[in-house]
Amino acid sequence: MTENLVLSLSSFAALISVAAVIVPLVDLARKAYRDFRGTSGTSKSHDRAQSTDVRS
Amino acid sequence: MDADPGQRRPAQTLGRVGAAVALWLTFSVLVGLVPILLGYARMESRANKVTVADVIARGEMALVCVGLAAGPLGLLIGTGRKRVFLKIVAGGMSFFLAALSAGYSSDLSANELEKNLELSSFLQTLTDDRADVDARKKALGDLTRLMNNPHADKNVIMRNSLYLLCGTVISGAACVALSELDA
């Protein structure tokens, strides 16, 4: 009985804590991914623009 | 990409959060568990037949959990006012676990102390020259009863302590991560 109670309370607290931290972390990871994609995307489009200039 | 020097890039912040959590896990959690591991090692090296449950049964692990839950809570309080709601939730859970662990630890240590006092009282009666035969018989009966029916189940205490430790580590890591996000 006590064991189940302690297990439930600990799991509850751990889950709530994870839920609290997962929101800003996912947001940050999304920003980092967008930052990475944005940087690499810019360079690709830049290369493409340069190759078009050469052809013309 | 020209970033504002005062503002960190998201990837850098993620790295700092990971480093802070790793630092906390290594130097707080692992080092906090060292006394329990050393206690077990010392008992075993003295050729005592002990299990990890015997070492934990006095409530040391629950006591370690109190420290592990309270440390990140202090870190969280020292940060700014961003993400206050999330900080309250994570810090509240850490505080809750610290209180639960403190209650459990104090109960276990009081239980152990009570058992030791009873044992010394029975042994005093048994070794007392002035005690009559009936008193000695009663003390011996009580001693046998105490040995056969221990106050607490060590395996249950070990499992409860492990549950508390897991919850505390997860909750503490969340608090450390949140405090580093706003550092």
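How are H1(B) and H6(B) oriented to each other: oblique, or roughly parallel? The points below take up this question and then the rest of the predicted model.

1. Basis of the note. The model is predicted: local features need pLDDT of at least 70, side-chain atom pairs count only at pLDDT 80 or more, and totals for chains, interfaces and linings use all residues. Residues are numbered from 1 along each chain as its sequence is written, while chains are lettered from A and ligands numbered from 1 in the order in which they are written.

2. H1 and H6 of chain B. Helix H1 of chain B covers residues 10-45 and helix H6 of chain B covers residues 154-181; helices (H or I, at least four residues) and strands (E, at least two) are DSSP runs, numbered from the N terminus. The two pack at an angle of about 140°, with their axes 9 Å apart. Axes are lines fitted to C-alpha atoms, for helices over the stretch in contact, and angles run from 0 to 180 degrees between N-to-C directions. H1(B) and H6(B) are therefore oblique to each other; angles under 35 degrees count as roughly parallel, over 145 as roughly antiparallel, 65 to 115 as roughly perpendicular and the rest as oblique. The crossing of H1(B) past H6(B) is right-handed, a crossing being left-handed if the near helix is turned anticlockwise from the far one by less than a right angle, and right-handed if clockwise. Residues making the contact include B:Thr13, B:Trp24 and B:Val29 of H1(B) and B:Val169, B:Glu180 and B:Leu181 of H6(B). By class, the contact has 11 nonpolar, 2 polar and 2 charged residues. Here Ala, Val, Leu, Ile, Met, Phe, Trp, Tyr, Cys and Pro count as nonpolar, Asp, Glu, Lys and Arg as charged, and the others, Gly among them, as polar.

3. B:Thr13. This residue is placed in helix H1 of chain B. B:Thr13 counts as buried because 20 C-beta neighbours lie inside 10 Å; the cut-offs are 20 or more other C-beta atoms within 10 Å for buried, 12 or fewer for exposed, and in between for partly exposed, with C-beta atoms placed from the backbone. Not counting residues up to four places away in sequence, B:Thr13 touches A:Leu28, B:Arg8 and B:Leu181, contact meaning that C-beta atoms, placed from the backbone, lie within 7 Å. B:Asp182 is 169 residues from B:Thr13 along the chain, yet their C-alpha atoms are separated by 9.5 Å.

4. H3 with H4 of chain B. These helices pack at an angle of about 155°, with axes 8 Å apart, which makes H3(B) roughly antiparallel to H4(B). Their crossing is left-handed. Among the residues in this contact are B:Cys65 and B:Ala69 of H3(B) and B:Ala90 and B:Leu97 of H4(B). The contact divides into 16 nonpolar, 4 polar and 1 charged residues.

5. The loop between H3 and H4. B:Arg83 lies in this loop of chain B. Although not a glycine, B:Arg83 has a positive phi of about 50°. With 18 other C-beta atoms within 10 Å, B:Arg83 is partly exposed.

6. H4 with H6 of chain B. The axes come within 9 Å and cross at roughly 155°, so H4(B) is roughly antiparallel to H6(B). This crossing is left-handed. By class, the contact has 12 nonpolar, 8 polar and 1 charged residues.

7. B:Ser171. Found in helix H6 of chain B, B:Ser171 is buried, with 32 other C-beta atoms within 10 Å. Leaving aside neighbours within four places in sequence, its contacts include A:Ala13, A:Ala14 and A:Ser17 as well as B:Met93 and B:Leu97.

8. Nonpolar core. The largest nonpolar core has 41 residues, of which B:Cys65, B:Ala90, B:Leu97, B:Leu164, B:Ala174, B:Ala177 and B:Leu178 touch the most other members. Such a core is a set of buried Ala, Val, Leu, Ile, Met, Phe, Trp, Tyr and Cys residues joined through C-beta atoms within 7 Å. H6(B) gives the most to this core, with 13 residues. B:Leu97 is also in contact with A:Ser10 and A:Ala13, among others.

9. Chain A and the interface. Chain A has 1 helix and 0 strands, and 12% of its 56 residues count as buried. In the interface, 23 residues of chain A are in contact with 28 residues of chain B. The chain A side divides into 15 nonpolar, 5 polar and 3 charged residues.

Key: Two residues are in contact if their C-beta atoms, placed from the backbone, lie within 7 Å.
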